[in-house]
Amino acid sequence: MNETLIAVENLDKIFGARYALRGVSLRVHPGEIVALVGPNGAGKTTLLRILATLSRPSAGALSIGRIPLPQHAASARAAIGFVGHQTFLYDNLTARENLEFFATMYHLPDVAARVRDAAQRVGIENRLNDLARTLSRGLQQRVTLARMLLHSPAVLLLDEPYTGLDQPSANRLDEIFRVAQREGRAVLFSTHDLERGLAVCDRALILQNGRIAHDLPRGDWKTLAGFMEIYARVLN
Amino acid sequence: MTFFSHIIAIIRKDLLAELRTIEISSAVIFFALIVLVIFNFAFELQVGSQEIQTLGPGVLWVAFAFSSMIGLGRSISAEKDKGSLEGLLLTPVDRGAIYLGKVASNFIFTSIMEAITLVAFVILFNPTSLSLAVIPYIILGTLGLSAIGVLLAAVAAGTLIREVMLPVLLFPVSIPLFSAGVNLTRNAFESRPFSDDAGSFGLLVAFDVIFLVVAFLLFEYVVEE
């Protein structure tokens, strides 16, 4: 598998005098689901934000598909779907209006059909006419996931995507990951919900103090307990 | 065409969101009316008096300036608070289109607020010779204020003291705009020929053009990390 959808080489990110990321290198291939795990402050969010073009790297080379970042960030954005800590929704617009707005921003054809399709995939088709601010956190998160799927991006980047989701919604997110895998997209997500995250991923990267401390293919652990043993050893 | 469709989508989104609650509009209009009433008491302006011809343009522009400040600040900080500006930055939209969309929606809001303020001014002070010639001057002033205001509101929104920072940044830069706006409005109040203040008109147009171009080019660097 030579082709990569996410390629990062020796990435550094410095805030003031502090390294948030130091020498991070990773590759994610089409059809691969990779979980980023690690303690708070390990650099997971920073890494995902840089890949999503929301933040600039201090040093290193990275690319989305064959598009180098940050030089050609504008071109890469059409290939990236990102879910962050915030919902990015407009409170005073309905879920439908929010999705239609973002579909227009991605310059998608047949906006109504795209919105309907994305809403169905996350199960919010019957709440599309509700104002975003009247939706629960979990439903807002589902609208956010629908926004991420609108433009069928090749790369899905998700920062703590299970936050606020109930069990059926989390199952639905797992299904979105599996569909993305079948369709040859690359998924990179961070999570503290190790049980769920590890169940769906092909590979887990343990990030600690801004470095990738361990890159564990699925075969390297058999059970959650087995992973936790490795995780604890790495962190200590 | 994509560029313009993005601008229109941003204007539509801002108008729709504001019309749902009229939170910012009502605060801005209320603030402008308060300013007019306070000046009415402060200067003891008599309805239809000569003082109105002299002081009225300044009173009007102070009301415009302070109230538009609230609108400008909220229009960008509301996007930052909910992270929706980042949602917008994630899309492949030209940052210039985002800037022009925000300028246009602010221009529309501010113009509506100013129209209401102008009507209130006429009712409160009954100036004897207010001509319609004042309208293009107000439009040009509003455009300039929106052009530089959106950029500086984006700068201020990135600081911890954004409510304080916006007026600190905006007022000094806008002195030529207010100066020209007041002069031209006084000209219109006193029904003097346009040639008397052609220089102020030129200054206002130059301010609009320069800051529209400069802010259009700089907006990307301000909103992106």
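Colleague: Is B:Ser77 buried or exposed?

Modeller: Buried, in this predicted model. B:Ser77 has 5% relative accessibility, and buried means under 20% relative accessible area.

Colleague: Which helix is B:Ser77 in?

Modeller: Helix α3 of chain B, residues 50-81.

Colleague: What does the side chain of B:Ser77 make a polar contact with?

Modeller: The side chain of B:Arg74, at 3.4 Å.

Colleague: Where is B:Leu45 found?

Modeller: In the loop that links α2 (23-42) and α3 of chain B. B:Leu45 is buried too, as its relative accessible area is 7%.

Colleague: Which residues does B:Leu45 touch?

Modeller: Leaving out residues up to four places away in sequence, B:Leu45 touches B:Phe39, B:Asn40, B:Glu51, B:Ile52, B:Leu55, B:Val59 and B:Phe125.

Colleague: How many Å apart are B:Leu45 and B:Asp196 in space?

Modeller: 26 Å, C-alpha to C-alpha. In sequence the two are 151 residues apart.

Colleague: Helices next. At what angle do α5 and α9 of chain B cross?

Modeller: Roughly 120°. Helix α5(B) covers residues 95-125 and helix α9(B) residues 198-223, and their axes come within 9 Å. The two are therefore oblique to each other. The crossing of α5(B) and α9(B) is right-handed.

Colleague: Which residues meet there?

Modeller: From α5(B), B:Arg95, B:Gly96, B:Ile98, B:Tyr99, B:Leu100 and B:Val103. From α9(B), B:Phe211, B:Leu212, B:Ala215, B:Phe216, B:Phe219, B:Glu220 and B:Val223.

Colleague: Over to chain A. What is the order of the 6 strands in the open sheet?

Modeller: β6-β7-β8-β3-β9-β10, with mixed pairing. At the edges are β6 (80-83) and β10 (211-217), each pairing on one side only. From one strand to the next, the twist averages 15°.

Colleague: How do β6(A) and β7(A) run, parallel or antiparallel?

Modeller: Parallel, joined by 4 bridges. Strand β7(A) spans residues 155-159. A:Gly81 stands opposite A:Leu156 in β7(A).

Colleague: And what does helix α5 of chain A touch?

Modeller: Helix α5(A), residues 137-149, packs on that sheet and touches β6 and β7 of chain A. The direction of α5(A) makes about 170° with that of β6(A).

Colleague: How many residues lie between β9(A) and β10(A) in their hairpin?

Modeller: 2. A:Asn209 in the turn has a positive phi of about 50°. The strands β9(A) and β10(A) pair in the antiparallel sense over 6 bridges. A:Leu207 stands opposite A:Ile212 in β10(A).

Colleague: Now the 4 strands in the open sheet of chain A. What is the order?

Modeller: β2-β1-β4-β5, and the pairing is antiparallel. The edges are β2 (18-28) and β5 (67-69). Each has a single partner strand, so one side is left without a neighbour in the sheet. Neighbouring strands here are turned by 25° against each other on average, direction ignored.

Colleague: How many bridges join β1(A) to β2(A)?

Modeller: 7, running antiparallel, with β1(A) at residues 6-15. A:Ala7 has A:Arg27 as its bridge partner in β2(A).

Colleague: Which strands of this sheet does α1(A) lie across?

Modeller: β1, β2, β4 (59-64) and β5 of chain A, at about 120° to β1(A). Helix α1(A), residues 44-51, also lies across β3 (33-37), β6, β7, β8 (186-190) and β9 (203-208). There α1(A) runs at about 150° to β7(A).

Technical notes:
Residues numbered from 1 in each chain as written. Chains lettered and ligands numbered in written order. Predicted model: local features only at pLDDT ≥ 70, side-chain atom pairs only at ≥ 80, totals over all residues. Heavy atoms only, no water. Pairing = 2+ DSSP bridges. Axes fitted to C-alpha atoms, helices over the stretch in contact; angles between N-to-C directions. Contact = heavy atoms within 4.5 Å. Buried < 20%, exposed > 50% of the residue type's maximum accessible area, 1.4 Å probe, protein only. Polar contact = N/O pair within 3.5 Å; in protein donor to acceptor, adjacent residues only side chain to side chain. Parallel < 35°, antiparallel > 145°, perpendicular 65-115°, else oblique. Left-handed = near helix turned anticlockwise from the far one by under 90°.
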